[in-house]
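Subject: Structure handover and notes

Dear colleague,

Here is the structure I promised to pass on to you. Please have the sequence and the model open side by side while you read the notes below.

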Amino acid sequence: MFSPRTLLILLLMASPAAAHSELRGSAPQDGATLAAAPSEVILRFNEPVQVTTMRLLNAAGETIPLRRDGDPAPYREERATLTTPAPTGALRLEWRAISADGHPIGGTLRFTVHAP
Ligand SMILES: [Cu+2]
């Protein structure tokens, strides 16, 4: 058996404080099929993170311009505005951020815009 002291140390080591920040939601949602092109894209995290990259790409890998406010402070929510209408078809949003614990995190969201 573990001594009470060893048990306490094990519990402290299992603390979630060491975990990376997590993406908790987005608009559009990952996997969404949209009737119309979005005017903005939003990332929502479980804690403030510094989003360093948001890139919107079409199926051919071409970049669709996004405008961000450029504020480097960490936030729970980060949004970017499309400066031109999004094309129809498959789109993906690639993002990268600095987790609240200082580690790099990132991911890709995919969604589809139907022709009107
Ligand atoms: Cu980490």
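This is a predicted model: local features need pLDDT of at least 70, side-chain atom pairs count only at pLDDT 80 or more; totals for chains, interfaces and linings use all residues.

Residues are numbered from 1 along each chain as its sequence is written, and side-chain values use heavy atoms, with hydrogens and water left out.

Overall fold

Read from the N terminus, the order is α-β-β-β-β-β-β-β-β. Of the 116 residues in the protein chain, 26% are buried, a term that means under 20% relative accessible area, with exposed meaning over 50% and partly exposed lying in between (1.4 Å probe, protein chains only). Taking contacts between residues at least 6 apart in sequence, 59% join residues at least 24 apart, with contact meaning heavy atoms within 4.5 Å.

Strand pairing

Strand 8 (residues 104–113) is joined to strand 7 (residues 89–98) by ten bridges, and the two run antiparallel; strands are said to pair if DSSP finds at least two bridges between them. Within this pairing, Arg-92 has Arg-110 in strand 8 as its bridge partner. Strand 8 also runs parallel to strand 2 (residues 33–34), to which two bridges join it, and here Thr-33 stands opposite Thr-112. The hairpin of strand 7 and strand 8 has five residues between the strands, and in it Gly-102 takes a positive phi near 95 degrees.

The copper site

The copper ion is coordinated by His-20 (ND1), Asp-101 (OD) and His-103 (ND1), at 1.9 to 2.0 Å. Donors here are N, O and S atoms within 2.8 Å of the metal (3.2 Å for Na, K and Ca), and since water is not among the atoms, sites may look incomplete. Along the sequence the donor residues are spaced H-x80-D-x1-H. Asp-101 is partly exposed, with a relative accessible area of 28%, and His-103 is likewise partly exposed, at 39%.

Ser-99, in the loop between strand 7 and strand 8, counts as buried at 3% relative accessibility.

Around strand 2

The peptide bond from Ala-27 to Pro-28 is cis, with omega near -5 degrees, and Pro-28 sits in the loop between strand 1 (23–27) and strand 2. Which residues does Leu-34 contact, leaving aside its neighbours within four places in sequence? They are Pro-28, Phe-111, Thr-112, Val-113 and His-114. Leu-34 lies in strand 2 and is buried, with a relative accessible area of 18%. The C-alpha atoms of Leu-34 and Ala-115 are separated by 9.3 Å, although the two residues are 81 apart along the chain.

The largest pocket

Residues lining the largest pocket include Arg-67, Arg-68, Asp-69, Asp-71 and Tyr-75. Strand 6 (residues 75–82) gives the most to this lining, with six residues. A pocket is an open set of points on a 1 Å grid over the protein atoms alone, where a 1.4 Å probe fits, with protein on both sides within 12 Å along at least five of seven lines, and lining residues have an atom within 4 Å of a point.

With best wishes

Methods:
Helices (H or I, at least four residues) and strands (E, at least two) are DSSP runs, numbered from the N terminus.
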